[in-house]
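Visitor: Please walk me through this entry feature by feature, with the general idea before each case.

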Amino acid sequence: MKLRWDTAVGVLLVAVFLTGLGTTDGFASRDNLAFAFNDIAEVALMALPMTLLVVAGQVDLSVASMLGLGSALTGQLWDAGWAFETIVPVVLLVGVAGGLINGWLVTRVGLPSLAVTIGTLALYRGLASVVLGTGAITDFPETYAKWAVDTTTVPGTFLTYPVVLFIVLAAIAAVVLHATGLGRSLFAIGAQEDAAYFAGIRVKRVKLLLFVVSGLISAFAGVVFTLRYGSARADNGQGFEMLVIASVLLGGVDFDGGKGTLFGAVAGVLLIGVLKNLLTLNDVANEVQVIVTGLLLVASVLTPRLITTVSAWRHRRAAASTS
Amino acid sequence: MSVTVEKPGKPAAAPETARSARSLVDAVFRAREISIAGALLLLVLFTWIAEPRFLNDQGIKDLLLNAAILVLLAVGQSVVVITRNIDLSVGSVVGLSAFACGKFVSGTDHGVLTVLLLGLLVGAGCGIVSGALVSFGRVPALVVTLGMLYIIQGVDYWWAQGEQINAADVPQSVLDLGSGSVLGIPYLPLIAFAVLAATAYVLRTYRSGRELYAIGSSPEAARLAGVPIRRRVLGAYLFSGAVSGFAGALWLARFGTVVADNAHGWELTVVSAVVVGGVAIVGGTGTVWGAALGALLLTTIGSALAVLKVDSFWQDAIAGALLLAAISVDRIVRVRMTRALRKRSAR
């Protein structure tokens, strides 16, 4: 049987989780589990559209900047006396607009998504600081903040509301990617864009849609982040784009497109989250956690490669000994 | 060997038309650098008219000093990007090398050359690891160098433990390199220019340099033509790492103060500079001159906005918008060109 990398990451996740239960006091407590998963809520949310994008051979580096813009807007509009119920749709619309800009530049102008989203990474982060400057807005009332903090969980479980939202969206994304024509078209686009086009897939429209969804969810992640920390800042989530991409790639989604599973991506996100929590509980320095993330990432691309090489070598040797 | 853009459905032209078509394409690429230089000139002129102090002695010196390190990094990055790869670890390499050099000189006086050499070696070490993983592991460059970014950054933070190197600990000879000048031109931009010119010469003239373009244009064709792809890609990463490490040593000389997260997040600025400079992210085209102009343009935008007293909050947004405008215009011009060429050869 051939071991698939996404299964391996899933197994690794379970192993790390069980190690935590067995060795670390307090890991299994409701509060800690709620904290551990809520702590990566925004990265996890943004990883879902990123998975679909990477499968289609695209990338969106502007997600964390859109989170910052969403956060800055939430804060500034709240400060201006808007009702929260009005703020959220406005922020989501801005996310859609940002996604449209990315998608338009990629599909209509025909630019590589990496180059486009490096540009919008600077642009959206810049707009965030234009909106809010260097200050912070912190006086969000309990009624709204409680939906994102890690002390409010679904009764009887350790699941916080952002995590529940993630589970729902992950289920939807999994169905879309693996059980619909749209999902199959993403794999087709990622594997061979020209072939997909000639097979009748509306490549441009699909890509545009992906960027819009990515912008939308990133902006919403900005609202979640703001409420979770009770602080709106233009530099919220700076550098998260790397973490989001790292999680997705760790889950075995091929950066060249055309390959990967949503299960793998989710396992990758959770692995980074649980590992981070476990290392923190065991007083492992933050720097070492960063190194572990990097090593995992390198291992995630190198191991499948090594397995193939070794099995090919064994195959050759077996063939040589029989002849 | 000449390099042309890879385009699906490129016309199969008769040899003569092909030659004139090629010279036309060449002209466009040259125009690419000319247009960046033109944009840069306009920007400088406009800022100068609005605020004459922008171009006094100190102003020019600042412009050149600000650009020097980014230019170096952009030169290293272009060599990697030309081979259709990417090196996201450059920012963390600068950080690690600057700290290593700072630690090395702190309190004791080693010669300047030793310090530069140390920086170079630290960077080359990082580059060879990334390069070996990419070329021999045959894994996606973006994933590997993103992993290396975390690993190097982690090692740097771990080593530094929040410690900071201060200018007072750095020997005067090193600081002199950062602040000194010859004939009014500071050393740093001179060094950057020397590295730039040498790299451009190698890429243009040497067989190994041309092979980098061949790899980027079409790895399969390059392999069939007998180009030692793995060795060349490894070389490109080694070079990018060494240049970044060297830039780290210069960072110490320029600023004197070094903390663990120097150049944190620079990888994307460097890639922007390269892209603005006309080095295609899909490999095979572009020159280090263009990349250096791109770097100069990006830093000059920053300085100009500061001099014009544009709210600093606007700087990122404007830089991002300009980057998008630059690559869009470039793309549109190229598409038009290809269409025009196709029409000509169809005739």
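Visitor: Is Arg53(B) buried or exposed?
Guide: The idea is a scale of relative accessible area (1.4 Å probe, protein chains only): buried is under 20%, exposed is over 50%, and partly exposed lies in between. Arg53(B) has a value of 56%, so Arg53(B) is exposed. Before we go on, note that this is a predicted model: local features need pLDDT of at least 70, side-chain atom pairs count only at pLDDT 80 or more, and totals for chains, interfaces and linings use all residues. Residues are numbered from 1 along each chain as its sequence is written, chains are lettered from A and ligands numbered from 1 in the order in which they are written, and side-chain values use heavy atoms, leaving out hydrogens and water.

Visitor: Which side chain meets Arg53(B) in a salt bridge?
Guide: Side chains of opposite charge can pair when their charged atoms come close. The rule here asks for a side-chain nitrogen of Lys or Arg within 4 Å of a carboxyl oxygen of Asp or Glu. Arg53(B) pairs with Glu51(B) at 3.4 Å, N to O. Glu51(B) itself is buried, at 16% relative accessibility.

Visitor: How is the aromatic pair of Trp78(A) and Tyr144(A) arranged?
Guide: Rings of Phe, Tyr and Trp (its six-membered ring) pair if their centres lie within 6.5 Å; planes under 30 degrees apart count as stacked, over 60 as edge-to-face and the rest as tilted. This pair is edge-to-face, 5.8 Å centre to centre with 75 degrees between the planes. Trp78(A) lies in helix H4 (residues 63-79) and Tyr144(A) in helix H7 (residues 142-145) of chain A, 66 residues apart.

Visitor: What area is buried between chain A and chain B?
Guide: The size of an interface is often given as the accessible area lost when the parts come together. Here that loss (1.4 Å probe) is summed over both parts. The figure is about 3,500 Å², with carbon and sulfur atoms giving 83%. On the chain A side, Ile118(A), Met242(A) and Glu287(A) lose the most area, together 17% of what that side buries. The contact (heavy atoms within 4.5 Å) takes 43 residues from chain A and 40 residues from chain B.

Visitor: How many salt bridges are counted between chain A and chain B?
Guide: The count is zero.

Technical notes. Buried area is the accessible area (1.4 Å probe) that two parts lose on being put together, summed over both. Helices (H or I, at least four residues) and strands (E, at least two) are DSSP runs, numbered from the N terminus.
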